[in-house]
Amino acid sequence: MNNVQNEFEETLKRIQSQNGVNGVIVVNNNGDHITSTFDNRSSVRHSEMMMKLADNAKRFVRNLDPSNELTVLQMGSKRREVVLSPGKDFIMMVLREQNHKSIMGIIGAKSL
């Protein structure tokens, strides 16, 4: 296992170990699953929405400032928090319960 892959696996383990994390999905830039803790049906459904949302958010950030790029998108409802974090070759989505400490400090750009 190379260093990047090892670092990737460690980051996933660290995120999944946090209280309230319901699941993690990682897809490549084509929308193909790299890994997911959800069942296949949920993974496909969440991934499709995640890709559309990430594309729109990236475009929105570029429209605001063409020299900028999206690093993290965090959304919350009364019950859930969703964090999308696009990397160079993939997009990671973390879904967690809203009543726990925010995942933002765990998923920071350094880990990607």
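## Lys-58 in helix H2

Lys-58 is part of helix H2, which spans residues 40–64; helices here are DSSP runs of H or I with at least four residues, strands are runs of E with at least two, and both are numbered from the N terminus. In this predicted model, local features need pLDDT of at least 70 and side-chain atom pairs count only at pLDDT 80 or more, while totals for chains, interfaces and linings use all residues. Residues are numbered from 1 along each chain as its sequence is written, and side-chain values use heavy atoms, with hydrogens and water left out.

Lys-58 is buried but has no salt bridge. Buried means under 20% relative accessible area, exposed means over 50%, and partly exposed lies in between (1.4 Å probe, protein chains only). A salt bridge requires a side-chain nitrogen of Lys or Arg within 4 Å of a carboxyl oxygen of Asp or Glu. The nearest side chain of opposite charge to Lys-58 is Asp-55, at 4.7 Å; Lys and Arg count as positive, Asp and Glu as negative, and His and the chain ends are not counted. Leaving aside residues up to four places away in sequence, Lys-58 touches Leu-70, Pro-86 and Ile-91, a contact being heavy atoms within 4.5 Å.

## Overall architecture

The protein contains three helices and five strands, arranged along the sequence as α-β-β-α-β-β-β-α. Of its 112 residues, 37% are buried. Among contacts with a separation of 6 or more, 42% involve residues 24 or more positions apart.

The accessible surface is about 7200 Å², and carbon and sulfur atoms account for 47% of it. These areas come from the Shrake-Rupley method with a 1.4 Å probe; for residues, only the protein chains shown count as cover.

## The sheet and its helices

The five strands form an open sheet in the order E2-E1-E5-E4-E3, with antiparallel pairing; two strands pair if DSSP finds at least two bridges between them. At the edges are strand E2 (33–36) and strand E3 (73–76), each of which pairs on one side only. From one strand to the next, the twist averages 10°. Strand E1 (residues 21–28) is joined to E2 by three bridges, and Val-27 stands opposite His-33 in E2.

Helix H1 lies across E1, E2 and E5 and runs at about 155° to E1. Helix H2 also packs on the sheet, where H2 touches E1, E2, E3, E4 and E5, and its direction makes about 65° with that of E1. Axes are lines fitted to C-alpha atoms, for helices over the stretch in contact, and angles run from 0 to 180 degrees between N-to-C directions.

## Salt bridges

The structure holds three salt bridges. In one, the side chains of Lys-13 and Glu-10 meet at 4.0 Å, N to O. Both residues belong to helix H1 (residues 3–16) and are three residues apart, about one turn of the helix. Glu-10 is partly exposed, with 41% relative accessibility.

Strands E4 and E5 carry the partners of another pair. Arg-80 forms a salt bridge with Glu-97, with the closest N and O atoms 2.6 Å apart. This pair links distant parts of the chain, since Arg-80 is in strand E4 (residues 80–86) and Glu-97 in strand E5 (residues 90–97), 17 residues apart. Arg-80 is partly exposed at 34% relative accessibility, and Glu-97 is partly exposed at 23%. Glu-81 forms a salt bridge with Arg-96, the closest N and O atoms lying 3.5 Å apart. Because Glu-81 lies in strand E4 and Arg-96 in strand E5, the pair ties together parts 15 residues apart in sequence. Both Glu-81 and Arg-96 are buried.
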